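Please read it alongside the sequence and the structure.

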Amino acid sequence: MHTPLFPIVEDARASLVNGTLYVVATPIGNVADISLRALAVLSAAHIVCAEDTRVTGQLLSRYGLHSKLVSVREHNECAMAEKICGWLAEGQIVAQVSDAGTPAVSDPGARLVHAVRAAGYPVCPIPGACAAVTALAGSGITTSDWLFHGFLPPKSTARCKQLAQWQDAPYAVVLYEAPHRMADCTHDIAATLGADRQVTLGRELTKTFETLRTLPAGELAAWVASDSNQQRGECVLIIDAAPAVIANNAIDAQAEHTLRVLMAELPPKQAAKLTATLTGVPRDALYQLAVSWKQGPADESN
Ligand code: SAM
């Protein structure tokens, strides 16, 4: 690094261990989204393994860094692993980056890490930007569980088959999608999971034309189809959990207690209706819970 280093970066540089592979996350758009520790590694590394050396070279030069770059891509990842283990054996500090975001997340990296760890050399991940997590953070989705799927199949039949598996998912599903497939993909989500399923689009995150929008799938598909800007740039889609699951999650402890008390005196339908009026929780979700108590083997209280 040619510019004066922050003391924190200097400390981070001092703590680097020779003979270690550092797996470094880089920005997904905004060049400022890099950690001080990542800068410490990238400035100190003897070798930076990059997916595309031109892309990483440009990024490094924005930080005033001119580290030695070697190309490690999907097709040569396994072959390069042996060479990289040789450099680690010599005590060199090796960094691995992908074009953007976190290596191994829909990007090369995992096979190299596997090989290096199997050969007994230390691997140290340096956390940072990831499009999936960035989209989740901005989505407002309250479902606590989520599944990262990455890219769907490019052909509609296979895509719909995959989507159908999430019909009743109790978790949100995070997808990456290429811009030229956005219209077809959002159409297939609405057709397979229903026009009312909530979907968030995160487009061009951290960049000038950042877009974050949550809509029922049918409306999102219509919007994407009618606005060609939504078919440009980089996109994350988050399909929320099945509606019944979201409604159930809305039943807080107070609503559950009210329902239990009323269930002692009333049939499920009336108990659910009254509880909905008292608590504001959707009646259908309360009714389903009340029925499950009636049917459930562990339901001694009703
Ligand atoms: N390793 C990266 C990560 O940590 O997110 C993902 C690499 S994957 C090859 C590229 C895909 O990530 C894009 O097609 C897009 O779906 C998503 N992506 C990357 N940058 C993005 C951004 N700034 N906004 C929205 N999606 C992005």
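The points that follow take up helix packing, a few individual side chains and the cysteines.

1. A caution comes first: this is a predicted model, and everything below should be read as a description of that model.

2. The contact between helix H8, which covers residues 182-193, and helix H9, which covers residues 217-226, has axes 8 Å apart and an angle of about 160 degrees. Because angles over 145 degrees count as roughly antiparallel, H8 is described as roughly antiparallel to H9. The two helices cross in a left-handed sense. On the H8 side the residues involved are Met182, Ala183, Thr186, His187, Ile189 and Ala190, and on the H9 side they are Ala217, Gly218, Leu220, Ala221 and Val224. Sorted by class, this contact holds 8 nonpolar and 3 polar residues, with no charged residues.

3. Helix H12 (residues 268-279) packs with helix H13 (residues 283-295) at an angle of about 140 degrees, and their axes are 8 Å apart. H12 passes H13 in a right-handed crossing. From H12 the contact draws on Pro268, Lys269, Ala272, Lys273, Thr275, Ala276 and Thr279, which meet Arg283, Leu286, Tyr287, Ala290, Val291 and Lys294 of H13. The residues of this contact divide into 7 nonpolar, 2 polar and 4 charged.

4. H13 also packs with helix H11 (residues 253-263), here at an angle of about 55 degrees and with the axes 11 Å apart. That angle makes H11 oblique to H13, and the crossing of H11 with H13 is right-handed. Glu256, Leu259, Arg260 and Met263 in H11 meet Leu286, Leu289, Ala290, Trp293 and Lys294 in H13. By class, the H11 contact with H13 has 6 nonpolar and 3 charged residues, and no polar ones. A reader tracing H13 will find Leu286, Ala290 and Lys294 listed in its contact with H12 and again in its contact with H11.

5. Arginine 159 deserves a careful look in the viewer. This residue is found in helix H7, residues 156-164. Is arginine 159 buried or exposed? With a relative accessibility of 2%, arginine 159 counts as buried. Apart from neighbours within four places in sequence, arginine 159 is in contact with Leu152, Pro153, Pro154, Glu177, Arg181, Asp184, Cys185 and Asp188.

6. Not counting residues up to four places away in sequence, aspartate 188 touches Ser156, Arg159, Cys160 and Leu163.

7. Aspartate 52 sits in the loop that runs between strand E2 (47-50) and helix H3 (53-62). Its relative accessible area is 15%, and aspartate 52 is therefore classed as buried. Once residues up to four places away in sequence are set aside, aspartate 52 touches Arg73 and Asp99. Aspartate 52 and aspartate 99 are 47 residues apart along the chain, while their C-alpha atoms are separated by 6.3 Å.

8. On the cysteines, how many disulfides does a search of the whole structure find? The search finds 0 disulfides. Cysteine 49 takes part in none, and the nearest cysteine sulfur, that of cysteine 85, is 11 Å away. Cysteine 49 is also buried, at a relative accessible area of 0%. Cysteine 160 is likewise in no disulfide, the nearest cysteine sulfur being that of cysteine 185 at 9.0 Å. Cysteine 160 has a relative accessibility of 21% and is thus partly exposed.

9. A last point concerns glutamate 10, which lies in helix H1, residues 7-14. Glutamate 10 counts as partly exposed, at 44% relative accessibility. Glutamate 10 and leucine 36 are 26 residues apart in sequence, and their C-alpha atoms are 9.3 Å apart in space.

Notes. Residues numbered from 1 in each chain as written. Predicted model: local features only at pLDDT ≥ 70, side-chain atom pairs only at ≥ 80, totals over all residues. Heavy atoms only, no water. Axes fitted to C-alpha atoms, helices over the stretch in contact; angles between N-to-C directions. Helix = DSSP H or I, 4+ residues; strand = E, 2+ residues; numbered from the N terminus. Left-handed = near helix turned anticlockwise from the far one by under 90°. Contact = heavy atoms within 4.5 Å. Nonpolar A, V, L, I, M, F, W, Y, C, P; charged D, E, K, R; others polar. Buried < 20%, exposed > 50% of the residue type's maximum accessible area, 1.4 Å probe, protein only. Disulfide = S-S within 2.5 Å. Parallel < 35°, antiparallel > 145°, perpendicular 65-115°, else oblique.
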